[in-house]
Amino acid sequence: MSTAIEMKGLRYSASREFSIQDLTLKVPAGALYGFLGPNGCGKTTTIRLLLGLLRPHAGTVRLLDRALPAGLPDALARTGVVPDRPHLHRYLTVGDALDFHGAFYPGWDDKWARELLGEFRLLPRQRISKLSKGETAKLMLLLALCQMPELLVLDEPMDGLDPVVRRDVLTALLDYVSRRSATVFVSSHLVHELERFCDWVGVMDRGRLVVELPMEEFRNGNKRIRLARSASVEPSGAPFTLLAREHQAGEVETWAVRGWRPEMAGWFDQRGIAVREVTDLDLEDGFVELLRAFRAQHAGGEVPCSRQ
């Protein structure tokens, strides 16, 4: 499997209170990769390391098959970026911004840029200082798309946008991916936002990668299992990962698990425990339980959290 982004053993200390710790991730070429995690978990710091804006203290980064930092100019020439904060000159007009940005990229598609202006309802003579948050977000995406990149790196691109603007942004993004077979690396703390279009997901918390796997596997493998209660059973050796365990009223116990397959009910049968019900955890519930288990493990708790 070829990769568009590859990080190995990455370490970076931002302060005494926060650091990126032994971060290893792979983004397959052509993937729509959702980089998911709560605010403050290190997503933006990781993106800055990826783009060469920060230098790691240890580990390696490859971007579009170029080792950083030596290959950074070539890799960035083929990468479109929408950062967490707009970097536009506010005194320019929208049309000026297109001309200025396009001058740096030989592959710039000016015809498509003008078409997107109409689709996004942006006026060429409007000053950037007068744009709304949603209009600014659409302009940032337009500039990234029309340089015709192989890779798009988007840092919280739809944070705080209304549903109509989010739809416009997402439609343009997916249209580009279908036309160019581009790779997308998009960070967000909103689970439902990534669920709709990403086919890979990486979950980060407290500077560590918790899990990385295909979205379908992440979505389908998270289950809530209701059992005939048995306090003596421990999850050691189980073929799934226990995320949470809750004792309920009566002789019932509920387990939240990841990596579940129907045949795993036999593991309980062998221990004389009846599985009363297996239901899906929605993606947000699975995300929350995964983070709880990860934090319990690193705080010395008993709940394990495997890493893939």
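This is a predicted model: local features need pLDDT of at least 70, side-chain atom pairs count only at pLDDT 80 or more; totals for chains, interfaces and linings use all residues.
Residues are numbered from 1 along each chain as its sequence is written, and side-chain values use heavy atoms, with hydrogens and water left out.

**Salt bridges**

Side chains of opposite charge can pair when their charged atoms come close. For a salt bridge I need a side-chain nitrogen of Lys or Arg within 4 Å of a carboxyl oxygen of Asp or Glu. How many salt bridges does the structure hold? I get 24.

I looked at aspartate 74, whose side chain meets that of arginine 78 in a salt bridge at 3.1 Å, N to O. Aspartate 74 has 35% relative accessibility and so counts as partly exposed; my scale is buried under 20% relative accessible area, exposed over 50%, and partly exposed in between, with a 1.4 Å probe and protein chains only. Asp74 and Arg78 also belong to a network of salt bridges that links them with Arg66 and Glu150.

Next I checked arginine 179 and aspartate 175, which form a salt bridge at 3.6 Å, N to O. Both sit in helix H6 (residues 163–180), 4 residues apart, about one turn of the helix. I take helices (H or I, at least four residues) and strands (E, at least two) as DSSP runs, numbered from the N terminus. Arginine 179 is partly exposed at 44% relative accessibility, and aspartate 175 is partly exposed too, at 33%.

Then I went to arginine 295 and aspartate 205, with a salt bridge of 2.7 Å, N to O. Which parts does this pair tie together? Arginine 295 lies in helix H10 (residues 283–298) and aspartate 205 in strand E9 (residues 200–205), so the pair joins parts 90 residues apart in sequence. Aspartate 205 is buried, with a relative accessible area of 1%, whereas arginine 295 is partly exposed at 30%.

**Cysteines**

I counted 0 disulfides, taking a disulfide as a pair of cysteine sulfur atoms within 2.5 Å. Cysteine 198 is in none, and the nearest cysteine sulfur, that of cysteine 41, is 15 Å away. Buried or exposed? Cysteine 198 is buried, with a relative accessible area of 6%. Cysteine 146 is buried as well, at 0%.

In helix H3 (residues 94–102) I found Val94, Gly95, Ala97, Leu98, His101 and Gly102 buried. Seen down the axis of H3, they fall within an arc of 160 degrees, so they line one face of the helix; the arc is that of the directions from the helix axis to the C-beta atoms. Those buried residues pack against helix H4 (110–119) and helix H5 (133–145).

I moved on to H4, where Trp112, Ala113, Leu116 and Leu117 are buried. Their arc down the axis of H4 is within 150 degrees, so they line one face of this helix. On the other side of H4, Lys111 and Gly118 are exposed. The buried residues of H4 pack against H3, H5 and H6.

**Cores and H5**

A nonpolar core here is a set of buried Ala, Val, Leu, Ile, Met, Phe, Trp, Tyr and Cys residues joined through side-chain atoms within 4.5 Å. The largest one has 61 residues, and those with the most contacts inside it are Leu98, Leu139, Leu142, Phe197 and Val203. H5 gives the most to this core, with 8 residues. A second, separate core has 28 residues, including Ile5, Leu25, Leu72 and Leu151.

I listed what valine 203 touches, leaving out residues up to four places away in sequence: among them are Leu36, Phe218, Phe287 and Leu291.

Last, I looked up threonine 136, which is in helix H5. Threonine 136 counts as buried at 13% relative accessibility. Not counting residues up to four places away in sequence, threonine 136 touches Pro86, Leu88 and Leu131.

Terms used: Contact means heavy atoms within 4.5 Å.
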